[in-house]
Amino acid sequence: MRIILVLSLLLGIQLPLEAQNEWTINLRNTDLREFITQVSEISGRSFVVDPRIKGNVTVISSTPMDKESVYELILSVLRVHGFAAVPAGSTTKIVQQVLAKQSGNPFDFEKVNSEEIITRVVSVTHAPAQELVKILRPLIPQHGHVAGLEVPNVLLISDYASNINRLESIVRKIDVADKKFIEIIDLKEAWVEDMIVLLQQLAPDEIGEGAKGPNKVTVVASERTNSLVVKGEEDTVQRVSKLVRNLDVPANRAGTVQVVRLAHSDAGKMAELLSNLVSDGIDEKATNSQQVRTNIPVSYKHLRAHE
């Protein structure tokens, strides 16, 4: 193995490159353009350098590298200094980072891990892509770009391939299916709307418009079946369900109240019919009397017994 000390660039020495497999590169305050020239000779690649590319670089290494490793090294050096390499056919353009995303790359849309700026489309299954943009944008530098498309539900990201791989891993961890638990609770004694009002008063942090956090529960009233539809984390839903069943008990008062929903008949006519039946069967002087009252707007009849 032959070792070329690129430190010689500082002395203006051009070392001959013979058939070699590995190189050890050490730089200290070396002109960037001279380093690009040296890498071109080692890797056999042709570079087109933007005239605005300038500066000095320092690289400290004791590990021998092959041609591809040397090329990856210069990509890292360019990235640190705000530049990027963009493959263009048989040559590689070295430009400012802000211009790199506007150029195509052979590795666009491919799963690679390099120091080149590429563009990749990341599919999103469950979460809205446009919502994920708000989360990912702070993780992308100024030279990068991220956008969310509603149809299809995908993310378009331009950045260094290594950073895109990191962002894609983050997306996979947060793009998960909704695992909320749903339970339907049938009420036997209480009226569904009254129950919701009571629950909101008892647990305002978990139920209601001001509810927030992981214990938030959504409660929807089904008047047709006099039931509650509860959605949330399973443990929280079970606690709400237990509370509802403890509250859904007969009223502690004299007499009974029963609400009967009429499927077909008119509540007003039914109430009149029942009133006639009750009045015909009970003596006017009886101590106990039964009355039938109607709630026509909701098509219910209320039968009350008083002592």
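Analyst: Asn29 is partly exposed, because its relative accessible area is 49%. Buried means under 20% relative accessible area, exposed means over 50%, and partly exposed is in between, with a 1.4 Å probe and protein chains only. The residue sits in strand β1, which covers residues 27–31. Helices (H or I, at least four residues) and strands (E, at least two) are DSSP runs, and they are numbered from the N terminus. The phi angle of Asn29 is near 55°, which is positive although the residue is not glycine.

Some notes on the numbers come next. The model is predicted, so local features need pLDDT of at least 70 and side-chain atom pairs count only at pLDDT 80 or more, while totals for chains, interfaces and linings use all residues. Residues are numbered from 1 along each chain as its sequence is written, and side-chain values use heavy atoms, with hydrogens and water left out.

Now to the helices α1 and α2. The angle between α1 and α2 is about 160°, and their axes are 9 Å apart. Axes are lines fitted to C-alpha atoms, for helices over the stretch in contact, and angles run from 0 to 180 degrees between N-to-C directions. The two helices are therefore roughly antiparallel. In these terms, angles under 35 degrees are roughly parallel, over 145 roughly antiparallel, 65 to 115 roughly perpendicular, and the rest oblique. The crossing of α1 and α2 is left-handed, which means that the near helix is turned anticlockwise from the far one by less than a right angle; right-handed is clockwise.

On the α1 side, the contact is made by Leu32, Phe35, Ile36, Val39, Ile42 and Ser43, and on the α2 side by Lys67, Val70, Leu73, Ile74, Val77 and Leu78. Contact means heavy atoms within 4.5 Å. Sorted by kind, the residues of this contact are 10 nonpolar, one polar and one charged. Here Ala, Val, Leu, Ile, Met, Phe, Trp, Tyr, Cys and Pro count as nonpolar, Asp, Glu, Lys and Arg as charged, and the others, Gly among them, as polar.

The largest nonpolar core has 23 residues, and the members that touch the most others are Ile25, Leu32, Phe35, Leu73, Ile74, Val77 and Leu78. At least two residues of this core come from each of α1 (32–43), β3 (56–59), α2 (67–80) and β4 (83–88). The helix that gives the most is α2, with seven residues. Another core, of 17 residues, lies apart from it and includes Leu132, Val133, Leu136 and Ile157. A nonpolar core is a set of buried Ala, Val, Leu, Ile, Met, Phe, Trp, Tyr and Cys residues joined through side-chain atoms within 4.5 Å.

Strand β2 (residues 46–49) holds Val49. With a relative accessible area of 27%, Val49 is partly exposed. Its contacts, leaving aside neighbours within four places in sequence, are with Arg33, Ile36 and Ile94. Val49 and Ile36 are 13 residues apart along the chain, and 8.8 Å separates their C-alpha atoms.

Helix α4 (residues 129–136) and helix α5 (residues 161–174) have axes that come within 12 Å and cross at roughly 125°. They are therefore oblique to each other, and their crossing is right-handed. Leu132, Ile135 and Leu136 of α4 make the contact with Leu167, Ile170, Val171 and Ile174 of α5. These residues divide into seven nonpolar, no polar and no charged.

Asn226 is another residue with positive phi that is not glycine, the angle being near 50°. Asn226 belongs to the loop between β10 (218–222) and β11 (227–232). At a relative accessible area of 16%, Asn226 is buried.

Finally, the setting of the whole chain. It has eight helices and 14 strands. Of its 307 residues, 36% count as buried. Among contacts with a separation of 6 or more, 59% join residues 24 or more positions apart.
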